[in-house]
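Please read these notes on the aromatic rings with the structure open beside you. Each point can be checked in turn.

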Amino acid sequence: MTDTSSSNSESRIPVARRTVLVAGGATAAALAVGGAASAGALDGTRQDTAAAAVCTLTREMTEGPYYLDGQYVRADISEGKPGVPLKLTLTVVDDDTCAPLRGALVELWHADALGEYSGFVGNNGHSEPDNGTFLRGGVLTNSAGVATITSVYPGWYRGRCIHIHVKVHTGVTLTSDGHFTGGREIHTGQLFFSESVTTRVATVSPYSTNRVTRTTLAQDSIYDGGGAASGLLTLSALGSSPSAGYAGTLTLGVETG
C-alpha cells in the first residue's frame with residue numbers, strides 16, 4: 001500500500017490558496033499577541049507569547065487516494081480500534097484576521113495501527129474487518145474555532161510517514177443519519193507526528209506487529225520539513241508511558257474568501 005502510485009500520487013502539489021498553520025492550539029485571542037505551545041509539549045513549533053501573530057504561507061497537501069465522501073459527524077472516530085489514544089485539538093482561524101471560524105467542519109481520516117485505511121483494508125498486507133468508517137469523521141468547530149476529536153495514533157504503511165489527512169469545510173448541512181452534505185471545502189492538508197514520539201509508539205502492540213518498513217519524516221515524499229507550518233502537531237504525553245496516549249494540538253488558519 002502506498003500513496004505514491006502514478007494514478008493516485010501523494011506527491012507535493014502547488015500552493016492552491018493561502019493557508020496559515022500556527023502551532024500550539026492557541027485561541028484566536030492568544031494569536032493576537034502570539035501563541036505558545038504547552039509546557040509539556042514534546043514537539044512542534046514553540047512561539048514567544050510576546051511575539052506578534054505570524055501568518056505562515058504553506059502548501060496544501062494532496063488529498064491522496066483514500067478519501068471517502070460523506071462520513072459521520074462525531075467527536076470520536078476510533079470505533080474501538082486498538083492503539084495508543086490520541087486527543088486532537090485543532091483550532092481553525094481566518095488567515096487574514098486570525099478570527100476563529102465557528103461552525104466549520106474539520107474532517108479527518110487516517111490509517112489504523114497496522115497501516116490500513118477503512119474501505120481499503122488489505123492494501124498494507126493485513127487482514128481485518130472493514131466497515132468503511134473506522135478512523136473517519138469530523139466535528140463542527142465551536143465559537144472559539146476549536147474542533148476536538150478523539151482517535152488513535154496512526155500506524156504506517158509502505159512509502160509514507162505517519163500522518164493524518166484533514167479537510168476543512170464551511171456551510172455543510174448535517175443529515176438526520178449523522179452524516180454531512182454540501183458546503184464548501186476550503187482546506188485540504190495533512191497532520192504529522194514527531195519522530196521521537198513515533199519511535200516510542202512503535203514499540204507498543206499492535207504497532208510493534210507491523211512488519212512494513214516505516215518511512216520517517218525525513219524520508220517522506222510529502223512532509224517538507226516545515227514544522228507546524230507544514231502540519232507538524234505539538235504533542236504532549238497523557239501519562240508516563242506511550243500506551244497512555246498523547247494530546248495533539250495545532251491551529252490551522254485558512255483563507256475563507
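1. One aromatic cluster is formed by Y66, Y117, F120 and Y157. Keep in mind that this is a predicted model.

2. The structure holds eight aromatic pairs. In one of them, Y66 and Y117 have ring centres 4.6 Å apart and planes at 20°; planes under 30 degrees apart count as stacked, so this pair is stacked.

3. Where do Y66 and Y117 lie? Y66 is in the loop between β2 (41-43) and β3 (85-94), while Y117 is in the loop between β4 (105-109) and β5 (136-140). The pair therefore ties together parts that are 51 residues apart in sequence. Both Y66 and Y117 are buried.

4. Y153 and F193 make up an aromatic pair that is tilted, with 4.6 Å from centre to centre and 55° between the planes. Y153 belongs to the loop between β6 (146-152) and β7 (163-170), and F193 to the loop between β10 (184-192) and α2 (195-201), so this pair ties together parts that are 40 residues apart in sequence.

5. Are Y153 and F193 buried or exposed? Buried means under 20% relative accessible area. Y153 has a relative accessibility of 0% and therefore counts as buried. F193 has a relative accessible area of 1%, so F193 is buried as well.

Key. Residues numbered from 1 in each chain as written. Predicted model: local features only at pLDDT ≥ 70, side-chain atom pairs only at ≥ 80, totals over all residues. Heavy atoms only, no water. Phe/Tyr/Trp six-rings, centres within 6.5 Å; stacked < 30°, edge-to-face > 60°. Helix = DSSP H or I, 4+ residues; strand = E, 2+ residues; numbered from the N terminus. Buried < 20%, exposed > 50% of the residue type's maximum accessible area, 1.4 Å probe, protein only.
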